[in-house]
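Hi,

Here is the structure I promised to pass on to you. Have a look at it first, and then read on for my notes.

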Amino acid sequence: MNIPRGELLRSRVVDDPGAALAAALDRRLTGYAVFEPQDALLLGDETRGVVTFEDGVPVLAYCTETDRGGAGALADVAGPGPYSVELYELDRTALAEAHEADDLRVSPGLPAERLGTDRDLVTRTREAAPDDRLGTDDTDAVEAFLADESQIEAIREQARNEARSRAEEWGLTDALDD
Amino acid sequence: MVEAFAVASGKGGTGKTTSTLALGMALAEDHDVTVVDADTGMANLLFHTGLDDVAVTLHDLLVEEDGAAPTDAVYERFGMKVVPCGTSLAAFQAADPERLRDVVADLAANTDVLLLDSPAALGSKSAVLPVVLADRTVIVLQPTIPALSDGLKVQEYARSYGTETAGTLFNRVRDDEGIDRVAEQADRYFGGETLGVIPESDAARAARQAGEPLLAHAPDVPASAAFREAARRLDVRDGASGDVADRFRSAVVPDQV
């Protein structure tokens, strides 16, 4: 993936890469972020993840070391952190050519889903995304949702508890299965 | 013999009524099928079956002084017995849920397969009643995060009352490529098997407007074929009809709808 160098807006070391995604969203950044996991810093290898944005909403993801794009790139970059993160601003037209690469695209909420810890950020990102970005590539987000077993178990446990307390409220406890 | 299925989804708009009637029509090829609109607060099965101007509906059976017999609200349509529910709020408020239990028990005693089109909600006593009473649930999903998480909730509510999941249906599917991966992952969390993946179909809306079930209106579209295949995969279990009827009669029924 070739992207012209943009103007560096900030450079931080963060525990949660979601913080950088949130910063990009909040300032409606058009440009890109470069994520470098801590182990890459220590080991001196070349693992860097690049996520591009249009108006704060992620468009592409790419991993320099594995040369993979899309959801695969996010998986390659995801780790325990911390990360060194740089945010760059770039003109929309400079990104246009790179953004034609369909195989590198990610659904708007996927980087936040895979890299961040704040579930609100997924929702906020999707809300900020234009409608034409929320089409069939939703599948990535649905897959990520289903892959998160602890989250699914949390939903189920909450529903079980709710069912039991409601049963009590409604006088249906005799019908409960023990 | 009889088995009662609650066709449920935690969320509206998944095409639950379309699915209920499609499964009903497909199952009616081999079984005696009764479809009941158990969504007494937001009935719409009547519109899907051209029964919107009938004199007697489930609501009338639930009002004591009406004196209607259960068979008065049973209509032979499309090879099934169809029990629509009315849409009047006054009738809904006048309905006595104690009678719902008995009415459904009577219907269960005279059929092979009972399909309860269940409310797309879990927030009231009457809304959970179908999943409390049914033997098993068929959960209608869409490959979206809200539909899946609501489907998981319905499953847990049903299981709390000992009602297992017979299988899931992915309805109104647009993304042919991704659905297999999503269905495979979802399979880990839902009981039964994925009964079918039903493509989004304009014919479903046209069928509703024509007041006919999809399988009657457009039997040859891909969605209809997928529903028939789903019905084939649904293994209807033999149960003593008396058991089901007794269970409905003895079920704890809320004081108010």
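Let me begin with two helices of chain B in this predicted model, H1 (residues 16-27) and H11 (residues 222-233), whose axes come within 9 Å and cross at roughly 65 degrees. Angles of 65 to 115 degrees count as roughly perpendicular, and H1(B) and H11(B) are therefore roughly perpendicular to each other. Their crossing is right-handed. From H1(B), the residues taking part are Ala22(B), Leu23(B), Ala26(B) and Leu27(B), and they meet Phe227(B), Arg228(B), Ala230(B) and Ala231(B) of H11(B). Sorted by class, this contact comprises seven nonpolar residues, no polar ones and one charged one.

Two of those names come back when you look at the inside of the model. The largest nonpolar core counts 124 residues, and Leu23(B), Leu116(B), Val131(B) and Phe227(B) are the ones with the most contacts inside it.

The buried set is Lys125(B), Ser126(B), Ala127(B), Val128(B), Leu129(B), Pro130(B), Val131(B), Val132(B) and Leu133(B). If you want to click on Val131(B) itself, leave aside its neighbours within four places in sequence; its contacts are then Ala6(B), Ala8(B), Ser118(B), Thr137(B), Val154(B), Tyr157(B), Ala158(B), Tyr161(B) and Thr163(B).

Next, the place where the two chains meet. Here 25 residues of chain B are in contact with 24 residues of chain A. On the chain B side, H6, helix H7 (145-160) and helix H8 (179-187) each supply at least two residues. Which of the helices gives the most to this side of chain B? That is H7(B), with eight residues. By class, the side of chain B that touches chain A has 13 nonpolar, six polar and six charged residues.

H7(B) also packs against a helix of chain A, namely H8(A), which covers residues 149-170. The angle between H8(A) and H7(B) is about 45 degrees, and their axes are 8 Å apart. That makes H8(A) oblique to H7(B), and the crossing is right-handed. In H8(A), the residues involved are Ile152(A), Ile155(A), Arg156(A), Ala159(A), Arg160(A), Ala163(A), Arg164(A) and Ala167(A). They meet Ser149(B), Leu152(B), Lys153(B), Glu156(B), Tyr157(B) and Ser160(B) in H7(B). Tyr157(B) is also one of the contacts of Val131(B) listed above. The contact of H8(A) with H7(B) divides into seven nonpolar, two polar and five charged residues.

Now for chain A as a whole. Its secondary structure comes to eight helices and six strands, and along the sequence they follow the pattern β-α-β-α-β-β-β-α-β-α-α-α-α-α. Chain A has 178 residues, and buried residues make up 41% of them. Of the contacts in chain A between residues at least 6 apart in sequence, 72% join residues at least 24 apart.

Glu7(A) and Leu90(A) are 83 residues apart along the chain, and their C-alpha atoms are separated by 6.5 Å. Glu7(A) is in strand S1 (residues 7-14) of chain A. Not counting residues up to four places away in sequence, Glu7(A) touches Tyr88(A) and Glu89(A). Is Glu7(A) buried or exposed? Glu7(A) counts as exposed, because it has 10 C-beta neighbours inside 10 Å.

Finally, two backbone details in chain A. Most residues other than glycine have a negative phi. Asp55(A), however, has a positive phi, near 50 degrees. Asp55(A) lies in the loop between strand S3 (49-54) and strand S4 (57-63), and it is partly exposed, with 15 other C-beta atoms within 10 Å. Asp67(A) likewise has a positive phi, near 60 degrees. Asp67(A) lies in the loop between S4 and strand S5 (68-69) of chain A, and with 11 C-beta neighbours inside 10 Å it counts as exposed.

Happy browsing, and best wishes

Conventions. Residues are numbered from 1 along each chain as its sequence is written. Chains are lettered from A and ligands numbered from 1 in the order in which they are written. This is a predicted model: local features need pLDDT of at least 70, side-chain atom pairs count only at pLDDT 80 or more; totals for chains, interfaces and linings use all residues. A residue is buried if 20 or more other C-beta atoms lie within 10 Å of its own, exposed if 12 or fewer, and partly exposed in between; C-beta atoms are placed from the backbone. Helices (H or I, at least four residues) and strands (E, at least two) are DSSP runs, numbered from the N terminus. Axes are lines fitted to C-alpha atoms, for helices over the stretch in contact, and angles run from 0 to 180 degrees between N-to-C directions. Angles under 35 degrees count as roughly parallel, over 145 as roughly antiparallel, 65 to 115 as roughly perpendicular and the rest as oblique. A crossing is left-handed if the near helix is turned anticlockwise from the far one by less than a right angle, and right-handed if clockwise. Two residues are in contact if their C-beta atoms, placed from the backbone, lie within 7 Å. Ala, Val, Leu, Ile, Met, Phe, Trp, Tyr, Cys and Pro count as nonpolar, Asp, Glu, Lys and Arg as charged, and the others, Gly among them, as polar. A nonpolar core is a set of buried Ala, Val, Leu, Ile, Met, Phe, Trp, Tyr and Cys residues joined through C-beta atoms within 7 Å.
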